[in-house]
Amino acid sequence: MQLTIQKVVPHPLRAAITANSSDIWMQQHRFSKGQRIAVIAPSGKGKTTFFHLLNGIRTDYDGTITWGDRDLRWMDSDELSKLRAMYIGTVFQDLRLLSQLTVWENLELKRGITNTITPEKMQQMLHQLGIAEKKDSPCRTLSYGEQQRVAIIRALLQPFDWLLLDEPFSHLDHLNIEKAVMLILEMAQKHQAGILITSLEDNDYFQYHQKLYL
Amino acid sequence: MDQRKKILATLLLKNNSYARLFLAWLSLCVGTTLFLIAILVWWNFQELLYGKSAHDSLGSSFITVSKKVTGENMGNPTLTSFKPSEIGELRRATGVESIGALTANRFPAVIKLNTSLGFATDIFLESVPDQFMDTLPEEWGWGADSREVPIILSNDFLNLYNYGFALSQGLPQLSQTTIQAIAFDLVLGTPENQQVYSAHIVGFTDRISSVLVPQSFMDYANTVFGSHANPNPSRLILKLKDPSNPTFIKLLKDKNYTTNTESLRWNKLRSVVEVIVGATGILALLIMGISTLVFTLFIELTIAQSKQSLELLSLIGYAPSYLRQFMFRRFFPIMLTAILTAVLLVLLAQFLIAFWAKSHQLVLPFIPSWHIWLVIAVGTILLFIQIKRAIKKAIG
């Protein structure tokens, strides 16, 4: 599934954006499945806004965002859910876990939508990222770094053409980042999916096809 | 239930306290029960007054009308009978649905008790078209060759005999069954042209104060034994929409016609009861509306408490349509059990009402008619739609 963005400007940032001030806003891009894209910007430049636009969470923008041949703006709520369940896996910056549920319950809720990943594989992912022993703990009792790893695993428990990662490693140490990158790459290769990641600073977590500065 | 659905139920319905759930259920159940009982009362009332077993002692929409006998018209039957123009005027009056004439005998008639007691008395006979009768026993009817004549007697006459004549004369009081078992000889006509028929009483009427024979028999007897030409009727029977209608009562008064004033008073009372039953229906509708509102608010509150979780579920790929269906499946059994309980209570109520009515010689069905079932079906569908709408509104 191709991602196309055309002259997108979020309304709250309209005043701050000029013609050539950003690689994303007011620009045209066509990202093909399998590409790895890094979006780099300091705080307050609209990285999370960009993510929310791509996810269909916000619609207060000018321009066009197209997933495949469907304009995101014209998708109804069921279509959006299908997009999120079948084509794009997302790690939100604020994680958006169900804090009252355990780690396992959070993951099972996601896994059960498509049933494309077995519970055994899910267990293995927990092992890979070093949080297997936490699987029965409520998410709210986990450290932010542990919750971040739960959110990463959750994004991988579905078929996807694209992985959208909004500062996914902000609270992870080098060793855990390495493990998470390995797991993400493994799953992205399996699905031949693209990766779109935002970060505050330049990085080489993945071999990027493009680095864009907001 | 698979693990995912269990987790969803924990997530979305955990805020439901059993007390609140029970109160919502109770509210819906009580509202539905009151609503159905109000309809049941209205329907039973209609059955009693207008149904097949309608009883005139509860007030009737039939009245008999005659001209008041005064000093001026007494002794002149043509002045106390109704001319065709007067009948036409009554037919056109507001609220008159149909009109029939009471035909009287125009020949001498004597009834003799078919025993050795030698009891005999002159009597009068009348007939009305069957459509105006309140009772039509199986034996009712007469064929040209038949020697048997069925008679329907006014309950008033039986009461007069039992509580007046019999007591004062030291004669035995007679039950309806006893009288029906007695065979009479009915002697018609003058000695030159006379015939004897076998007569027996087949039923009793509250509607018409008379001794009634089938219309076919009366027409035949008047032709064969009648001494003079067909006169105008002196009594009419009218079917009215509302006999207590003031316009109609004024017409009767203006024309100097008389009728059974007790019947009119009964009908007035009946109109009052109808209004009360109607008001109860409106109240029940209001209660039903409030209880539906309480149940709907319960659903909306439950969903509102899970709003954040629902939004998160939508973000990770749960379709709103799936979530709506999930919630509906949780609330539907609650709705259904409340309605089923109400239906069972209503069935029980109808059984008790019919049982009570039976002890008062009134006939009511033990099972509610299809009208009630239709209301239940339509009500369930409307509630079903309302719950779907509430869930859709809350989830989006």
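**Exercise 1. In which helix is the place of B:Arg389, and does this residue count as buried or exposed?**

Solution. The structure is a predicted model, in which local features need pLDDT of at least 70, side-chain atom pairs count only at pLDDT 80 or more, and totals for chains, interfaces and linings use all residues. Residues are numbered from 1 along each chain as its sequence is written, while chains are lettered from A and ligands numbered from 1 in the order in which they are written.

Step 1. B:Arg389 lies in helix α12 of chain B, residues 370-395. Helices (H or I, at least four residues) and strands (E, at least two) are DSSP runs, numbered from the N terminus.

Step 2. A residue is buried if 20 or more other C-beta atoms lie within 10 Å of its own, exposed if 12 or fewer, and partly exposed in between, with C-beta atoms placed from the backbone. B:Arg389 counts as exposed because it has 11 C-beta neighbours inside 10 Å.

Step 3. B:Arg389 is 93 residues from B:Thr296 in sequence, and their C-alpha atoms are 9.4 Å apart in space.

**Exercise 2. Describe the open sheet of chain A that is formed by 4 strands.**

Solution. Step 1. The strand order is β2-β1-β4-β5, with antiparallel pairing. Two strands pair if DSSP finds at least two bridges between them.

Step 1. β2 (28-31) and β5 (70-71) of chain A are at the edges; each has a single partner strand, so one side of each lacks a neighbour in the sheet.

Step 2. Strand β1 of chain A, residues 3-10, pairs with β2(A) over 4 bridges in the antiparallel sense. A:Ile5 has A:His29 in β2(A) as its bridge partner.

**Exercise 3. Identify the residues with the most contacts inside the largest nonpolar core.**

Solution. Step 1. A nonpolar core is a set of buried Ala, Val, Leu, Ile, Met, Phe, Trp, Tyr and Cys residues joined through C-beta atoms within 7 Å. The largest has 56 residues, and the most contacts inside it belong to A:Ile152, A:Ile153, A:Leu156, A:Trp162, A:Leu163 and A:Leu164.

Step 1. Helix α5 of chain A (residues 144-156) supplies the largest share of this core, 6 residues.

Step 2. Apart from this core lies another, of 41 residues, including B:Ile7, B:Leu8, B:Leu40 and B:Phe298.

Step 3. Two residues are in contact if their C-beta atoms, placed from the backbone, lie within 7 Å. Neighbours within four places in sequence aside, the contacts of A:Leu164 include A:Phe51, A:Ile88 and A:Leu196.

**Exercise 4. Determine how many residues of chain B are in contact with chain A, and which classes they represent.**

Solution. Step 1. 15 residues of chain B are in contact with 17 residues of chain A.

Step 1. On the side of chain B that touches chain A, two or more residues each come from α1 (3-13), α10 (307-315) and α11 (320-359) of chain B.

Step 2. By class, this side has 8 nonpolar, 6 polar and 1 charged residues. Ala, Val, Leu, Ile, Met, Phe, Trp, Tyr, Cys and Pro count as nonpolar, Asp, Glu, Lys and Arg as charged, and the others, Gly among them, as polar.

Step 3. The model scores ipTM 0.92 and pTM 0.66.
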